[in-house]
Amino acid sequence: MTSPPRLLAAVTLMLATTVCGTTTAHADDDPNDPPGTEPSASAPVEVDPNDPDLKLPDGATLAQAKVLDIKSVVEEQSGDERREDTNTSVTLALQAEVLFGKDSSKLGAEAKSRIRGIADEIRTQNATRVRVFGFTDDLGSSAHGDVLSKRRANAVHDVLSQSLNDAGITYEVRGYGEQYPIADNSTEAGRKKNRRVEVSFPRTEP
């Protein structure tokens, strides 16, 4: 008789995404680190491939363990603001129309008040690293979009840094123009979402 086949144990971590309705720095001329490319958290538990309770086929080895963040995305029904929370970070995306006039990088009083609210949350999280990224849609020239997105990111950064007034915080401020759209640029509704400034920062470690 042949012996029964050995059992292969697999560990699968699922990425759950929920979508609900409801110090000084300025933009870099060479944005080489696109948003959302931070490494995932490290595996919380080491797996011993020699564990007698873990049976593998002859010659087989375990793949390196990976941990994926659980992500929650909340977008206002109007689409004016989008919030993304993971285990490790918070990203707030404000539509350009909420902050600026058309083709402008000048912030009004209401926009500054909203940015100061973001500063309060950064302070609550005790974040020491903040990213401010500007984006546009694909209308007009790419060069114009690059310049405008940089100016808008700089304007938001200036209000944040003044509000926080903390030399211990490092800012990364970049303008990406029409790169990294989050919606379809073929419709005005999609272009509106793509015209945005994102502020992201790490969550407080438990």
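Leaving aside neighbours within four places in sequence, which residues is D137 in contact with? In this predicted model, where local features need pLDDT of at least 70, side-chain atom pairs count only at pLDDT 80 or more, while totals for chains, interfaces and linings use all residues. Numbering runs from 1 along each chain as its sequence is written, and side-chain values use heavy atoms, with hydrogens and water left out.

The answer for D137 is E178, N185, R191, N194 and R195, contact meaning heavy atoms within 4.5 Å. D137 sits in the loop between β5 (129-135) and α3 (142-164); helices (H or I, at least four residues) and strands (E, at least two) are DSSP runs, numbered from the N terminus. At 7% relative accessibility, D137 counts as buried (under 20% relative accessible area, with exposed over 50% and partly exposed in between; 1.4 Å probe, protein chains only). Its side chain makes a polar contact with that of R195 at 2.6 Å, and also reaches the backbone nitrogen of L139 at 3.0 Å. A polar contact here is a pair of N or O atoms within 3.5 Å; within protein, one must be able to donate a hydrogen and the other to accept it, and residues adjacent in sequence count only if both atoms are side-chain atoms.

Turning to α2 (residues 109-124), A111, I115, I118, A119, E121 and I122 are buried. Seen down the helix axis, these buried residues fall within an arc of 160°, so they line one face; the arc is that of the directions from the axis to the C-beta atoms. They pack against β3 (81-85), β4 (89-95), α1 (96-99), β5, α3 and β7 (196-202). On the other side of α2, A109, E110 and T124 are exposed.
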